[in-house]
Amino acid sequence: MSSSPPPDSLAAIKYRSEIDGLRAIAVTPVILFHAGFGSFGGGFVGVDIFFVISGFLITSIMLGEMERGTFSIARFYERRARRILPALFVVMACCIPFAWMWMIPDQLRDFGRSVVSVVFFVSNFLFWREEGSYFAAASELKPLLHTWSLAVEEQYYLFAPLTLMALWRFGRRFLLVTTLVTALVSLGLTEWGWRHDPSANFYLTPFRIWELLAGSICAFLMFGRPATPNNILSALGLALIVFAIATFNASTPFPSLYTLVPVAGAALIIAFAHRGTYVARLLSLPPLVGIGLISYSAYLWHQPLFAFARLRSMAAPADGLMLALAGASLVLAYLTWRFVEQPFRHGTSALALTRRQVFAASGLAGCVFAALGLYASMSHGAPWRLPQPAPGTRDAALLASLEHHTLGLDCWIEGRTADISNRNLLCPIFTPPEPKRRILVIGDSHSIALLHAFRAVGERDAVYWMGAGSCPPLLGVSVKGSAFPIGICEQVAQREFDTAVKDRFDIVVMAARWSIYAKPPPSRVVLYPAGSAGPDPAASPAVFARSLARTVEAYVAKGIKVLLVDQIPEQPAHPDKVLQQAILLGFGGDISGGHLADIIRDTSATIDADDAQRATFGPVLNALAGDKVGVFSFTETFRDGDRLLWGDKDGSFYVDFNHISPHGNRMIEAEMAEAIRRLDGDATGG
C-alpha cells in the first residue's frame, strides 16, 4: 500500500462549511427540545446527527494520517483533550456553585456523582444505572445529563484508533466490510434493546455505536475520491432530518430503526451536499456556519442553564425565559469558543501548551473535579446546608407530612427474594372485635401505601393486606422487570387468591401502579402468560387487559366482590424535594403562607398529562365495573381546575411522586368508606 495519498485524498478532511451548517441544524433543535418547546418534540435527534458527523470527521482524519504513515495515538488523544476538555471543565466549574446554593441534598449528591462520572467519561453508565428516563421530568433537573453523549463518543474513541491500527494492514476494503458488519450488529442490538431494556438501549455505547460508524462508512466511501454533489440526494437528507425533528417525540422508540431517518439524513448530506448544491448553499449561510462553529460549547451550556432555571423557579419556567436562556447559551458558547476552545485547541497566545502539559493539566483538573464530586456524593449532598424548621412551626409540620408511617410492614418482602414458600404474606391491619365484613387489600407498593385510607372502614370491618412491591395482583402472569426473580410475582398473586377464598373474605381491594404494567413498549416491566415461551413486549398491554379481567372474574366467581383502585395521579415533581427546595431557596415562613398554594399548583400534574397516562389502563378498569366490581378514583379529590394537586396547606398528599402519604389517605378516608359500603349494598352505613 502506498505510503503517500493520491492527490485528492485530503479532500475528505478539507474544511466544509456545509458540515458546520449541519452542526447548527443538529444543535438548535436539541436546545429548543430541552427548553420544552413542543414543536421541537423530535429535537433530541440532533445528538444522533452529531454522532454521524463525529464518526465521519474523526475517521477521515485517521484514514489520512494512516495513509501517510503519520498516525500517532498520543497525538490523537492530545487532539481529543484539546477539543473536549477545556470547554467541558469551564462549564462544570460554573455549575458547581449554583449546585451548592440551589440543590437539595439528594440532588447535590447525584450531581456530585455525575461530576465524577463526567471526569472519567462514564456518565452514560451513571444515568443508565439511575434508571431514569431521559424524557422524564426529573431528568430536566440534571445539569450534566447531556454529557452521556460525550461519554458514548469518548468510549468509542478509546478503541476506534487501536482497531484501525490493528486492521490497517488488511486494507481499506477489509476495514470497510468490518465497519459495515459492526454497524449492522449494533443496529440489530438497538432494535432488540428498545423492546427489552430501553434505558440501556438509550445510554450505552454498544447500542449507539452504529450511528458513529455510519459517519465512518461515509469517510471510507469518500476517502481518496472526488466529491459527488447531488441536489436530489442532499435535499432528501435534509428532508429526513426535518421530518424526524417535526414528527418524533418521547413515545417514539429510540434509538431503533426509526433512528435510521436522521442518521441517513446526516449521511446523505455529508456524502452529497458538496459545494454548488442547493443544500450546501443553504447550510453555508453565515448564521448557520456561525452556530455550527460554536455548537459544541452551545451543547455544553444549554442543559445547565435550563436545569438551574427549573431548580430555582421550582416549576416550569415561562417560555419567554427559556427562550432567553437558549439565546444566552449561544452567547456563552461564543465566548467559550473564542476564549477557551480556540486558544487551547490551536495552542495560540498565552495558553499554548505542550502535549505533556495538556495531559498533565487535564489530569490535575480532573482530579480536582473528581474530589469535589466525591465530597458531594459521600457527604450525601451536605444536608447541613438545608435550614431546619423549628419544631412546632408550620414548615416543620409540612415536612413531617411526607413521612411514610407505613402499615403492614411486618409482612413486607424485600426485592430479589427468591423463595416465599415459608413467608407469611397476610397482615392484619384493622381488626375490630366483631367485624361486619372481611376486606383484603392486595397489590404492589401502592396497595400498602393505601392502608391508612381504611382507618374509618376498620372501625367496623376487618382489614388485611397481602402483596409485594412491583408485583401486580394478576393471576397466571409472569413479570419481567419487577424487583423479584421471575415467578415470584405469579406466586404472590396466587397466594392472594387462595387466601381470599380460604379465609372467606367478602371484598378484595386491588391497588397497583397500573401504568407500568399496561404501558406499551418500550417499557421496563413486561407481562406475559405464565408458562408461555417468554416475554413479548409488544403483547404486554394486551396481556395486562386480559389477565386483569380474568383475575376479577375469578374472585367474583368465588362470591368475592372487587374494588379496583384507580392509580393515584403521578406527579412531575417529588413533593418532598419541592418543599425542601422552597426552604433552601429562602422562602422560609412564606412556604406555609401565601406562596405555598402557588408552589403546589405550579408543580402539580396537569389533567391532560394524567389523562394521557391513564389512557393505557383507565378504560380497562372502567370496563370491568358492575354490581360486584367497583372502581375508586382519586381524581376529583385532588383536582383543582386543570391540575391534580400533590398537597395543601396542611401537607403533602404524597411521600414521593407516585405513592400516597398518610395525609393523602386522610383526604380519601371518608370516600373509601363510602365506596366499600356502596359496593356491598350498604349505602346507609348501618
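Trp 514 counts as buried, at 0% relative accessibility (buried means under 20% relative accessible area, exposed over 50%, partly exposed in between, with a 1.4 Å probe and protein chains only). This is a predicted model, where local features need pLDDT of at least 70, side-chain atom pairs count only at pLDDT 80 or more, and totals for chains, interfaces and linings use all residues. Residues are numbered from 1 along each chain as its sequence is written, and side-chain values use heavy atoms, with hydrogens and water left out.

**Aromatic pairs**

- Rings of Phe, Tyr and Trp (its six-membered ring) pair if their centres lie within 6.5 Å; planes under 30 degrees apart count as stacked, over 60 as edge-to-face and the rest as tilted. By that rule there are 31 aromatic pairs here.
- Trp 514 teams up with Phe 544 in a tilted pair, with 6.1 Å centre to centre and 55° between the planes. Trp 514 is in helix H20 (residues 514-518) and Phe 544 in helix H21 (residues 540-557), so the pair ties together parts that are 30 residues apart in sequence. (Helices are DSSP runs of H or I with at least four residues, strands are runs of E with at least two, and both are numbered from the N terminus.)
- Phe 544 also counts as buried, at 0% relative accessibility.
- Then there's a stacked pair, Phe 638 and Phe 653, at 4.8 Å centre to centre and 15° between the planes. Phe 638 lies in helix H26 (residues 635-638), while Phe 653 lies in the loop between strand S13 (651-652) and helix H27 (662-679), so the pair ties together parts that are 15 residues apart in sequence. Both Phe 638 and Phe 653 are buried.
- One aromatic cluster is made up of Phe 33, Phe 44, Phe 243, Phe 248, Phe 254 and Tyr 258.

**Charges over rings**

- The charged end of Arg 129 sits over the ring of Trp 128, 4.9 Å from its centre (the rule asks for NZ of Lys or CZ of Arg within 6 Å of the ring centre and within 35 degrees of the ring normal).
- Arg 438 does likewise with Phe 505, lying over its face at 4.5 Å from the ring centre.

**Strands**

- Strand S3 (residues 462-467) is mostly covered, with 6 of its 6 residues buried. Ala 462, Tyr 464 and Met 466 point one way from S3, and Val 463, Trp 465 and Gly 467 the other way.
- Two strands pair if DSSP finds at least two bridges between them. Strand S1 (residues 427-430) runs antiparallel to S3, joined by 3 bridges, and strand S2 (residues 438-443) runs parallel to S3, joined by 6 bridges.
- Tyr 464 in S3 has Pro 428 opposite, and Leu 440 stands opposite Tyr 464 too.
- Elsewhere, 3 strands make an open antiparallel sheet in the order S8-S11-S10. Strand S8 (605-606) and strand S10 (639-640) stand at the edges with a single partner strand each, so one side of each is left without a neighbour in the sheet.
- S10 is joined to strand S11 (residues 643-644) by 2 bridges, and Arg 639 has Leu 644 as its bridge partner.

**Cavity and pocket**

- On a 1 Å grid over the protein atoms alone, a cavity is a set of points where a 1.4 Å probe fits but cannot get out, and a pocket is an open set with protein on both sides within 12 Å along at least five of seven lines; lining residues have an atom within 4 Å of a point.
- The search turns up 1 cavity of 30 Å³ or more. The largest cavity holds about 80 Å³ of space, and its lining includes His 446, Leu 450, Phe 634 and His 659.
- The second largest pocket holds about 1100 Å³ of space. It is lined by 36 residues, and the closest to its centre are Arg 23, Leu 57, Ile 58, Arg 83 and Arg 345.
- H2 gives the most to the lining of that second largest pocket, with 9 residues.

- Phe 254 and Pro 255 are joined by a cis peptide bond, with omega about -5°. Pro 255 is in the loop between helix H10 (231-247) and helix H11 (260-272).
- Ala 382 isn't a glycine, but has a positive phi of about 45°. Ala 382 counts as buried, at 0% relative accessibility.
- Arg 504 isn't a glycine either, and has a positive phi of about 55°. Arg 504 is exposed, with a relative accessible area of 69%.

How values were computed:
Points joined across faces, edges and corners; volume = space filled by probe spheres on them.
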